[in-house]
Amino acid sequence: MRVGFVGLGQMGSRMAANLVKAAHEVTVYNRTAGKMQPLLKQGAYSAARVADACRGEAVITMLADDSAVESMAFGNEGVIASLGKGCLHISMSTISVALSEKLAAAHKEAGLHFVAAPVFGRPEAAAAGELFIAAAGDQGALDACMPLFDALGQKTFTFGDNPSAANLVKLSGNFLIASAIEALGEAMALVGKAGIDRGRYLDFLTSTLFGAPIYKIYGALIAGQKYEPAGFAAPLGYKDIRLALEAADKFRVPMPLASLLKDRLLRVLARDGEKLDWSAIAQLAAKDAGLRD
Ligand SMILES: NC(=O)c1ccc[n+]([C@@H]2O[C@H](COP(=O)([O-])OP(=O)(O)OC[C@H]3O[C@@H](n4cnc5c(N)ncnc54)[C@H](OP(=O)(O)O)[C@@H]3O)[C@@H](O)[C@H]2O)c1
């Protein structure tokens, strides 16, 4: 397919590379132009403006947050003004339910298709083409996305024709991951303070009742206290818990655990700045227990 790719951060750079590898004709755009260089060497074309990445059948956006997506989607030279009639915008960022609804309405009014397709998986999974994709949008548009999703992920799950459903699924999933990180952090602090080897403890957990990827991936980061460089930065994690709570507010669903996690992430940001991985909330449990390492 002829496809544009907007947003070459930790995730987008790896995802765009997989589309090139799968022989799609990819035109990339990134706010910081220097990040386009490696992709150009791999065979992508460059766009000087976001509008120039919107000349094909579809454009994918993989941007940090709501304000980044809004700034790229709306306006005279944005995605909505630049895509050809009947073409497709696939938003793969983790954004709010409210913005997804606004985007769906604006695309419909402009005669465009809009699919929300946020992903599970860190940059390593993106590089390996092993993301899990939660997608929603009208069926014809979802069908058109499949060759792209096949190059980006190992499996795509669809959630109906209302795009914001996929965003809610993603936000609720990140709430679950953050809950597992907090629980692992507290458990590791407990066994660690008692002098039990954390690596051996993790091996026991993940070889028995806790064999899920989340426990394996985050358990290894916590046992090794490896919070830098961030694969998924704490500000993005904070954003996702905030957005889950925003959706909970809209649907009138109390989520006391999400409120606690928001506070934990805010504490990481306040103490350590923006650089750490979001799994650094586990460090708080260790520090609260008086552990130094
Ligand atoms: N990292 C993960 O493990 C992971 C996993 C699943 C989902 N996600 C989600 O995927 C999305 C991207 O994450 P990431 O880790 O790739 O983030 P990232 O490395 O911080 O990259 C963010 C991208 O957004 C662009 N951007 C930010 N603000 C912008 C603005 N105002 N205008 C234009 N472009 C802007 C950045 O451009 P510059 O290069 O110019 O800064 C960059 O291309 C996020 O929604 C995140 O929640 C991440």
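User: What radius of gyration does the protein have, and which value would a compact globule with 293 residues have?

Analyst: This is a predicted model, and its C-alpha trace spans about 65 × 45 × 35 Å along the principal axes. For 293 residues, a compact globule would have a radius of gyration near 19 Å. The protein agrees with this, as its own value is 20 Å.

User: How many helices and strands are there in the protein, and what percentage of its residues is buried?

Analyst: The protein contains 13 helices and 9 strands. A residue counts as buried when its relative accessible area is under 20%. Of the 293 residues, the buried share is 52%.

User: Is Arg122 buried or exposed?

Analyst: Arg122 lies in the loop between strand E7 (119–120) and helix H6 (123–127). Its relative accessible area is 14%, and the limit for a buried residue is under 20%. Arg122 is therefore buried.

User: Which side chain is joined to that of Arg122 by a polar contact of 2.8 Å?

Analyst: Leaving aside residues up to four places away in sequence, Arg122 touches several residues, among them Met11, Leu131, Phe232, Asp277 and Trp278. The polar contact of 2.8 Å links the side chain of Arg122 to that of Asp277.

User: Are helices H9 and H10 roughly parallel or antiparallel to each other?

Analyst: The axes of H9 (residues 198–207) and H10 (residues 213–223) come within 10 Å and cross at roughly 170°. Angles over 145 degrees count as roughly antiparallel. The two helices, H9 and H10, are therefore roughly antiparallel.

User: Which residues make the contact between H9 and H10?

Analyst: By class, this contact has 4 nonpolar, 2 polar and 2 charged residues. H9 contributes Arg198, Leu202 and Thr206, and H10 contributes Tyr215, Lys216, Gly219, Ala220 and Ala223.

Conventions. Residues numbered from 1 in each chain as written. Predicted model: local features only at pLDDT ≥ 70, side-chain atom pairs only at ≥ 80, totals over all residues. Heavy atoms only, no water. Axes fitted to C-alpha atoms, helices over the stretch in contact; angles between N-to-C directions. Helix = DSSP H or I, 4+ residues; strand = E, 2+ residues; numbered from the N terminus. Parallel < 35°, antiparallel > 145°, perpendicular 65-115°, else oblique. Contact = heavy atoms within 4.5 Å. Nonpolar A, V, L, I, M, F, W, Y, C, P; charged D, E, K, R; others polar. Buried < 20%, exposed > 50% of the residue type's maximum accessible area, 1.4 Å probe, protein only. Polar contact = N/O pair within 3.5 Å; in protein donor to acceptor, adjacent residues only side chain to side chain. Rg over C-alpha atoms; globule rule 2.2 N^0.38 Å.
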